[in-house]
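Welcome! Here is a short briefing to read alongside the structure.

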Amino acid sequence: MREKLFDILNRAQGELNMVVNKDQLADFKVKFLGKQGELTSVLRGMRDVAPEDRPKIGALINDVREKIENAYAEKEENFNRLELEKELAKSALDITEPGKNHEKGALHPTTRMFNKMIDICVAMGFKVVEGPEIELDYYNFEGLNIPKNHPSRDMQDTFFITDNILLRSQTSSVQVRSMEKIKPPFKIISPGRVYRNDSDATHSPVFHQLEALVVDENVSMSDLKAMLTDIMKKIFGEETKIRFRPSFFPFTEPSVEVDVSCPTCNGKGCKICKGTGYLELLGAGIVNPKVLEMSGIDSKKYRGFAFGFGVDRFAMVFDGITDLRNMFRNDIRFLKQIK
Amino acid sequence: MKVTYKWLKDFVDIDMPAEMLASKLTNAGMEVEEIIYLNEHLHHVVVGKILKIEKHPNADKLQVCQVDIGKQIVQIITSATNIFQGAVVPVSLEGADLVNGVKIAKSKLRGVDSDGMFCSGEELGIDDNFMPGASINGILILPDDFIIGQDIDVALGLDDVVFDVGITPNRPDCMSVIGLAREVCAVTGAKFKKPNLSYKESSIKNDMSVELKSEKCSRYMAAVLKNVKIERSPLKIRQRLFAVGIKPINTIVDLTNYVLVEMGQPMHAFDQSFIEGRKIVVRDAVRGEKLAVLNHNTYVLDSSDLVIADSKKPMVIAGVIGGTNSCISNETRDAVIESAVFDLKAIRLTSKKIGVRTDSSARYSKGVYFHSAEDGLKRFLNLAYSLGVGDICQGIVDKNRGTCELRVIKAKAKNINAILGTNISVNDMVTILNSLQIPTKLESDTMIVNVPDFREDLENEYDIAEEVIRIYGYDVYDRGEAREAYLGWKLTQGDYSKKVLLERKIKEALKYSGFFEAMNYSFIPPDSVTKLMLTDNRRFMIKIANPIGEELSCMRTSLAHSMLSSLAYNFSVGNKEVRLFESGKTFHPNALPLTELPIETNKISMGAYDITFAEFKACVENAITETGLSYKLVRSKEPFLHPGVSADVVDDNGEIYASFGQVHPTVAKNYNIPKTSMFAEIDLDKLLTLPEKKFVIKQVPKFPIVDRDLAIVVKEEISNADLESAIRSACGKIFYDVKLFDVYRNKTLGDGLKSMAYNIRLANEDKTLTDEEVTETIAKVLKALKFRYGASLR
């Protein structure tokens with residue numbers, strides 16, 4: 001009996017080594033471990049074993065069965081692993097083939113700059129207000145201290161629809177509309193599209209502005225400088241510096257041009273800033289008290305400041321776009337570069 | 001405004017590099033846009049005298065000249081024919097770099113040494129207007145009194161620098177040499193030298209009279225010069241006019257221009273013999289009145305125009321341009337000089353209307369002040385007297401509507417510092433204002449600012465604050481001298497607005513659907529409505545009165561033209577798989593021409609080619625489902641869309657929120673875009689009226705979901721939406737989901753038939769479904785589909 005069992009174990013181990021596929025492995029299982037298998041038949045022969053030897057033989061049978069089963073399981077595991085590896089190898093893809101469905105699109109550089117500016121200003125407590133693009137003369141000019149036939153009208157070539165209706169040349173028109181409605185203190189920004197009758201390599205008749213207006217009891221030029229510095233740093237980075245130069249806008253007094261240190265060369269001077277280290281990027285100033293009064297705000301009590309960004313220009317500087325025509329041509333070969 | 005450094009020095013004692021002065025002016029708000037060195041190309045050129053001329057031994061056409069250039073004698077070889085022994089000429093020597101790009105070096109010409117070259121006027125950058133003989137094709141022969149050996153720039157008075165200064169509209173006073181000189185005083189601290197206004201009158205009486213008949217003229221002054229010499233002006237006058245870009249003409253005309261530049265006062269000169277009745281009448285033009293003027297045109301005037309007339313005829317379109325009937329000519333003996341103040345609005349209007357812009361109208365359009373008429377005329381007479389141009393008659397005729405009042409602004413340093421956020425001392429403020437020639441004194445803590453009439457822009461403390469800070473310097477904020485920022489500010493709440501947020505959401509959705517954002521002008525051509533085959537009131541577009549061109553003359557009523565044009569551009573350059581969107585306004589007039597502001601609507605358009613309808617539709621739906629819209633699709637009636645391959649997104653009331661689909665083949669042809677191009681227009685404003693997206697959360701099924709696939713054959717015209725809805729209602733309470741997963745068309749099915757395969761999912765909230773329930777339900781579905789749509793099982 002004992003010899004028989006060792007013989008089975010030896011043969012089983014020998015045969016298992018010869019197994020090369022899953023079918024043979026199944027046959028092996030039937031032959032040695034199955035219901036009609038060799039081990040079972042040995043077990044059936046227990047009847048003939050002397051009762052005192054039975055526990056020993058039983059233990060031996062179990063031991064042999066365990067050994068064969070383990071060897072079998074190991075072999076099966078091995079086959080499964082090989083099979084999976086084969087399958088994985090077979091299903092490998094060319095990972096360098098282009099992604100399917102569609103590639104991601106992109107927002108226009110101007111929109112991205114708008115979003116950036118609006119995010120910064122809203123976080124600073126500004127409220128977004130919008131107004132019509134076709135506007136009354138009053139809101140675009142007269143309410144901003146630019147009377148009819150006044151020399152300061154020459155600063156902007158305006159598109160007219162009728163004598164009194166025009167395409168707004170500045171989003172300041174929205175500020176006049178807002179001041180009539182809301183009570184100070186307030187901070188508002190008016191993003192939007194504006195129009196000027198000017199079209200060449202560096203001027204587009206359609207462009208975009210974001211104007212900000214702060215009205216409170218105690219605002220000053222110093223606050224304006226501080227706030228603009230904060231905003232510019234958030235747009236162009238912590239290193240950014242700004243400087244004021246006196247200028248003229250009818251609705252602010254004093255008025256300044258704001259130069260921003262060139263983000264391309266960090267103020268060292270390069271082609272983009274024509275070697276000056278600075279870019280003339282926006283206009284700002286203390287709101288002319290006449291403008292506040294015209295909109296029904298007590299200029300004795302309140303003071304305001306305003307600043308206006310040319311958003312397209314900011315976007316061009318930010319993204320390093322040198323040709324203005326790209327901004328309105330909608331060539332996807334251009335748009336795809338700014339994803 | 002162009003001004004020369006030397007001219008400025010007539011009124012202010014300064015001596016600093018031109019760049020330094022330019023930078024100081026720019027920092028004070030007088031932006032120097034360009035610095036032009038008049039002698040940039042005149043170095044190494046001197047005045048020489050030809051001592052001897054000999055024939056060149058080896059060349060017939062060349063001559064060898066010995067030339068005295070002061071310190072030495074040089075030898076110059078020339079082919080010029082207009083030279084002669086004793087002629088004074090410009091000689092360019094080794095190192096010269098002439099205006100035409102010629103660089104001079106010592107050389108040998110046919111074996112003989114030449115030390116340089118004689119110059120023509122052109123090579124020095126001057127012409128006959130500047131100096132007689134400068135325009136001829138030959139060597140410039142200089143006057144005999146030129147100093148031999150002197151540098152030519154000094155000899156010609158071109159050792160000067162021109163500053164081109166951008167003057168802001170609030171500072172018309174700086175459109176003059178003296179105005180800028182005042183600024184120079186303030187930025188340098190130098191003293192202001194007043195212009196010389198003195199002259200001696202002859203014994204002849206002023207025989208002119210003036211009548212003011214129009215409100216548009218507040219002051220009219222006239223002086224008379226008898227026995228004038230009409231000739232070329234002295235070199236200094238011509239040099240300066242040349243430098244600032246004004247063509248010299250003759251003594252009288254040049255002096256009026258000289259005073260215009262120097263004093264900022266436009267003037268006009270008449271030939272007195274043509275003034276009927278020796279009387280000038282300043283009046284509104286009579287409607288239909290005609291005047292031939294110096295630009296060779298004749299203009300028909302109306303009552304909004306102001307004219308200077310005599311008793312019979314108009315002679316000048318006031319402030320704009322003179323008539324040919326009374327101008328100064330070489331025969332003029334007696335001249336009348338006008339110096340006046342006209343209403344700037346009237347001059348602007350006339351100048352604009354007739355399209356004539358002169359130095360005079362440009363100046364008047366910005367505003368001329370009361371005293372400048374007098375100072376200007378007196379300066380003219382001073383120059384005329386010192387140059388001996390003619391006999392100045394006694395007395396100036398001065399007709400005006402009252403003198404101007406002296407204005408005083410009382411300003412407190414405390415208030416100015418509050419505006420500026422600075423701590424500038426009151427003494428510094430007073431010094432700055434006085435240096436700007438604005439007489440200011442301190443009375444206790446109040447500055448009494450006496451505003452000169454040339455500073456009409458100064459009205460209140462804010463204006464004074466600007467004068468102070470622009471001279472004091474904006475770098476005050478960088479030097480830590482300014483007040484702490486944001487002191488005492490009230491907190492305000494930031495707000496994006498609903499529109500900005502929704503627009504952003506939709507744009508982001510489109511971006512992730514693979515669309516690129518386009519931007520187009522809001523202007524479209526008039527024929528676009530025809531190209532789009534529009535039939536509704538979108539045909540009526542608002543027209544711009546002064547468009548850039550016909551192509552850009554109308555305000556768009558749909559974004560379709562812009563988008564299809566962008567597709568066309570991309571297609572024309574061979575771009576593939578183009579997907580674009582644009583967000584913008586459309587403009588809808590209530591009536592044309594506009595009497596009130598039009599309705600403006602925020603829209604988002606999408607356009608694409610190399611894309612299927614199904615793919616495009618999914619992208620549109622991704623975008624609109626950013627809102628709480630519950631919608632269905634119906635066939636679109638948009639005329640520019642393919643009637644069978646387009647849809648409107650509508651709510652239960654039939655309100656259209658978007659239209660999309662394949663572009664109508666005719667329209668696709670009109671725009672030269674692929675036939676299968678897709679277009680969508682989404683009405684952002686309508687989506688904004690919807691309440692925010694709300695979700696109805698259903699229980700996640702607790703019991704297993706049962707799937708059944710069902711393929712049926714129906715007629716082509718039966719829509720998926722109808723079938724799905726029938727399946728849904730036939731399933732009743734245990735309906736969970738339905739999805740079309742295959743559509744199959746084949747001749748074997750029969751003509752006009754299609755097979756639709758659905759995956760139907762069933763679930764019961766309370767228990768596991770039995771086979772019987774499922775079979776029963778599917779049978780019900782089939783029955784319903786058969787009954788309502790004639791469907792049969794495939």
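## A first look at the two chains

Chain A is divided into domain 1 (2-90) and domain 2 (109-338), with bounds that come from an automatic or database domain assignment. This is a predicted model, in which local features need pLDDT of at least 70 and side-chain atom pairs count only at pLDDT 80 or more, while totals for chains, interfaces and linings use all residues. Residues are numbered from 1 along each chain as its sequence is written, and chains are lettered from A and ligands numbered from 1 in the order in which they are written.

**Domains**
- In chain A, the C-alpha centres of domain 1 and domain 2 are 87 Å apart.
- Chain B is assigned domain 1 (2-38 + 160-188), domain 2 (45-155), domain 3 (209-400), domain 4 (407-478), domain 5 (498-688) and domain 6 (706-793).

**Where the chains meet**
- The contact involves 71 residues of chain A and 80 residues of chain B; two residues are in contact if their C-beta atoms, placed from the backbone, lie within 7 Å.
- On the side of chain B that touches chain A, helix α14 (residues 498-512) of chain B gives the most, with seven residues; helices are DSSP runs of H or I with at least four residues, strands are runs of E with at least two, and both are numbered from the N terminus.
- That side of chain B has 40 nonpolar, 23 polar and 17 charged residues; Ala, Val, Leu, Ile, Met, Phe, Trp, Tyr, Cys and Pro count as nonpolar, Asp, Glu, Lys and Arg as charged, and the others, Gly among them, as polar.

**A helix pair in chain B**
- Ile506(B), Ala509(B) and Leu510(B) of α14(B) meet Cys619(B), Asn622(B) and Ala623(B) of α17(B).
- By class, the residues of this contact between α14(B) and α17(B) are five nonpolar, one polar and no charged.

**A helix with buried residues**
- In helix α6 (residues 235-243) of chain B, the buried residues are Arg238(B), Gln239(B), Arg240(B), Leu241(B), Phe242(B) and Ala243(B); buried means that 20 or more other C-beta atoms lie within 10 Å of the residue's own, exposed 12 or fewer, and partly exposed in between, with C-beta atoms placed from the backbone.
- These buried residues of α6(B) pack against β1 (2-4), α1 (5-9), β10 (161-166) and α7 (251-263) of chain B.

**One residue of chain A**
- Asn80(A) is found in helix α4 (residues 54-90) of chain A.
- Asn80(A) counts as exposed because it has 11 C-beta neighbours inside 10 Å.
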